Amino acid sequence: MEPAGRRLCRHSRRGDESLQGELEALVHDVVKASSWWERHGVDCAILALSLLAVPAGLFCLRFENVLVFALGITILGVSHYTLTVKGSHLATHGALTESKRWSKIWELFFLEVCTGFTAEYANYGHVKMRHGYTNVIGMGDSSTWRLPCLNRYVYMFLAPFLIPIITPLVALKRLRDVEVWTALRTLGLISLGLYSHYWLLLNVSGFKSPRSALACMFATRSLLAHPYLHVNIFQHIGLPMFSLDKKPLRVHMLSLGVLNLPRSPVLDWAFGHSIVSCHVEHHFFPRLSDNMCLKVKPVVSHFLQEKQLPYNEDSYLARFRLFLSCYEELMVHTPPITELVGLQ
């Protein structure tokens, strides 16, 4: 006789596979009916426009007029985050093109040249761990964003300014874990990206001293650092967390452990729909582009609600207030483990 618990587990897994297959079929139909422009073109155009806007931003910095100078900082800052967050995220998931060769090229360009981070660790930490073990304690629980030594106000308001400095330093630390030739390639591409930014400010924007050029680099690279940090913690932390041996089946794990924020013109442009307003859809279908995540959003939300599964949504302000009021519980202490009986 087969134990009842094992039969329940087997039937639950079959039900999970059935739900996943049903949702995948619905989304596949939408993707199949979409044009190349919808699948890849829209997001490629946004990235191209952001790259083409860089000369205009550099030129604005040549003026002494405060408003024109501020416009230059804004253009360069938004372009930087579009290339480093949206571009890097899509490239890491291979969502920019269907060509494996070009996917690798774009991954190295956006991650290592533009962002100053290592492509190998981005694949391991984000794709394999965060997506493979969403909200599993010690694996994909977003614990890398926790800094228990900081109080709530320092973390939420001041810590984001450290992101432009910490990012390349973390990349250098991770180089110890890769092969020598990979480390040399990454070090060369990161150096190329940082020096190119510095050189352009001196020779195109006309900065007179290295100190002023470095200050401008910091200003542009930290322009959207606050929402970048906030979005990364708002959409997972504070939701159910699971242990590796008792994590629920995939559909339940993703519907419970991921949250969408409302659409925002600036953040949608700079970070992408898959990070902001379509994060649930992105976790179910990580290889879809931002535009396609937005297109399948009604299908995914309707399916989950029809199956009486959670579809988490909340406002940026509501999450911000929650994290300020419950900072120790969410960001300092180990989160409680959620167990779903019969769904492991």
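Mentor: Contact means heavy atoms within 4.5 Å. Apart from its neighbours within four places in sequence, Leu187 is in contact with Leu172 and Leu175. The model is predicted: local features need pLDDT of at least 70 and side-chain atom pairs count only at pLDDT 80 or more, while totals for chains, interfaces and linings use all residues. Residues are numbered from 1 along each chain as its sequence is written, and side-chain values use heavy atoms, with hydrogens and water left out.

Trainee: In which helix is the place of Leu187?

Mentor: Helices (DSSP runs of H or I, at least four residues) and strands (E, at least two) are numbered from the N terminus. Leu187 belongs to helix H8, residues 180-203. Between the C-alpha atoms of Leu187 and Pro168, 19 residues apart along the chain, the separation is 9.6 Å. For accessibility, buried means under 20% relative accessible area, exposed over 50% and partly exposed in between, with a 1.4 Å probe and protein chains only. Leu187, at 37%, counts as partly exposed.

Trainee: How many aromatic pairs does the structure hold?

Mentor: A pair of aromatic rings is described by the distance of the centres and the angle of the planes. Rings of Phe, Tyr and Trp (its six-membered ring) pair if their centres lie within 6.5 Å; planes under 30 degrees apart count as stacked, over 60 as edge-to-face and the rest as tilted. The structure holds 19 such pairs. One of them joins Tyr121 and Tyr124, which are tilted, at 6.1 Å centre to centre with 45° between the planes. These two tyrosines are separated by about one helical turn because they are three residues apart in helix H5 (residues 119-131). Both are partly exposed: Tyr121 has a relative accessible area of 23%, and Tyr124 one of 44%.

Trainee: How many Å apart are the ring centres of Tyr228 and Phe271?

Mentor: The centres are 6.0 Å apart and the planes stand at 70°, so Tyr228 and Phe271 are edge-to-face. This pair links distant parts of the chain, 43 residues apart: Tyr228 is in helix H10 (residues 225-234), and Phe271 is in the loop between helix H12 (265-270) and helix H13 (279-284). Tyr228 counts as partly exposed at 23% relative accessibility, whereas Phe271 is buried at 1%. Ring pairs also link Tyr81 and Trp145 with Tyr228 and Phe271 into a cluster.

Trainee: The charged end of which residue sits over the ring of Tyr121?

Mentor: A charge sits over a ring if NZ of Lys or CZ of Arg is within 6 Å of the ring centre and within 35 degrees of the ring normal. For Tyr121 the residue is Arg174, whose charged end is 4.0 Å from the ring centre.

Trainee: How many salt bridges does the structure hold?

Mentor: A salt bridge is a side-chain nitrogen of Lys or Arg within 4 Å of a carboxyl oxygen of Asp or Glu. The structure holds twelve. Glu38 and Lys295 form one of them, with the closest N and O atoms 3.0 Å apart. Their positions are distant in the chain, 257 residues apart, with Glu38 in helix H2 (residues 36-60) and Lys295 in helix H14. Glu38 is partly exposed at 25%, as is Lys295 at 33%.

Trainee: Are Asp43 and Lys86 buried or exposed?

Mentor: Asp43 and Lys86 are both buried. Their side chains meet in a salt bridge, 2.6 Å from N to O. Asp43 lies in helix H2 and Lys86 in helix H3 (residues 66-92), so the pair ties together parts 43 residues apart in sequence. In another salt bridge, Arg263 and Asp268 have their closest N and O atoms 3.3 Å apart. Arg263 is exposed at 56% relative accessibility, whereas Asp268 is buried at 7%. Salt bridges with shared partners also join Lys104, Glu107, Glu112, Glu120 and Arg185 into one network.

Trainee: What is the phi of Asn135?

Mentor: Most residues other than glycine have a negative phi. Asn135, not a glycine, has a positive phi of about 60°. Asn135 is in the loop between H5 and H6 and is buried at 0% relative accessibility. Ser142 also lies in the loop between H5 and H6; its phi is positive at about 65°, and it is buried, with a relative accessible area of 6%.
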